[in-house]
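Please read these notes with the model open beside you.

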Amino acid sequence: MELSEILGKCDHTLLRPDATWEQVRQLCDDGLAYGVASVCISPCHVAAASAYLGGRLPVCTVVGFPSGASSTAVKCFEAAEAIGDGADELDMVANIGWIKAGMFREVRDEIMEVKRICARHILKVIIETCLLTEEEKVEMCRVVSESGADFIKTSTGFSAGGATFEDVKLMKASIQPHLRIKAAGGIATLADAETFL
């Protein structure tokens, strides 16, 4: 697999709380230079990054990040504000507490509400696989498949672990064909990235 093909599937990400605009601008420049899929940045930088990039590269940001425990209304507000600021893609963290409590209908309904706000914009749903049982992962594949979201994503990178080959295999076997998978967190080598792809 060519390096450009791998990079073209990567979201170049900077979500550290101490990230400055200068660092975000450098991230944008690197993203343009290397041909990544998007830059993923904190909501406070979306308007500036969107203006700086001028449509040359998609801007992604996060909703309910990193815990997923915000209310549905707050997630919808975050989504609407991000889109208004110029975000092209949103990475929403599912409510992990609801998942652990078996409240899958509520999780699905919340994702559907955020997707309604997103409309044509890409919505990726982070399920934080490192915190879930195999049964919960399979159930979340069903929920996200039914929700209208575009991607199911393994991890925030801010919890106890990131993507594993086993989780991605399980997700691939459990999602509906229209849903895509994003592996995230702990992918440190080109060889690993190629294997995930």
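1. In helix H7, the residues Glu136, Lys137, Met140, Cys141, Val143, Val144, Ser145 and Ser147 are buried, where buried means under 20% relative accessible area, exposed over 50% and partly exposed in between, with a 1.4 Å probe and protein chains only. Helices (H or I, at least four residues) and strands (E, at least two) are DSSP runs, numbered from the N terminus.

2. Before going further, note that this is a predicted model, in which local features need pLDDT of at least 70 and side-chain atom pairs count only at pLDDT 80 or more, while totals for chains, interfaces and linings use all residues. Residues are numbered from 1 along each chain as its sequence is written, and side-chain values use heavy atoms, with hydrogens and water left out.

3. What covers the buried residues of H7 includes helix H5 (96-100), helix H6 (104-118), strand E5 (122-126), E6 and H8, contact being heavy atoms within 4.5 Å.

4. Helix H7 (residues 134-147) has 14 residues and spans 20 Å from its first C-alpha to its last, close to the 20 Å expected at 1.5 Å a residue; the expected span is 1.5 Å times one less than the number of residues. After H7 comes Gly148, with a positive phi near 95°.

5. The structure holds zero disulfides, a disulfide being a pair of cysteine sulfur atoms within 2.5 Å. Cys76 is in none, and the nearest cysteine sulfur, that of Cys118, is 8.7 Å away; Cys76 is buried, at 12% relative accessible area.

6. Why is Cys130 too far for a bond? The closest cysteine sulfur, in Cys141, is 15 Å from that of Cys130, and Cys130 is partly exposed, at 31% relative accessibility.
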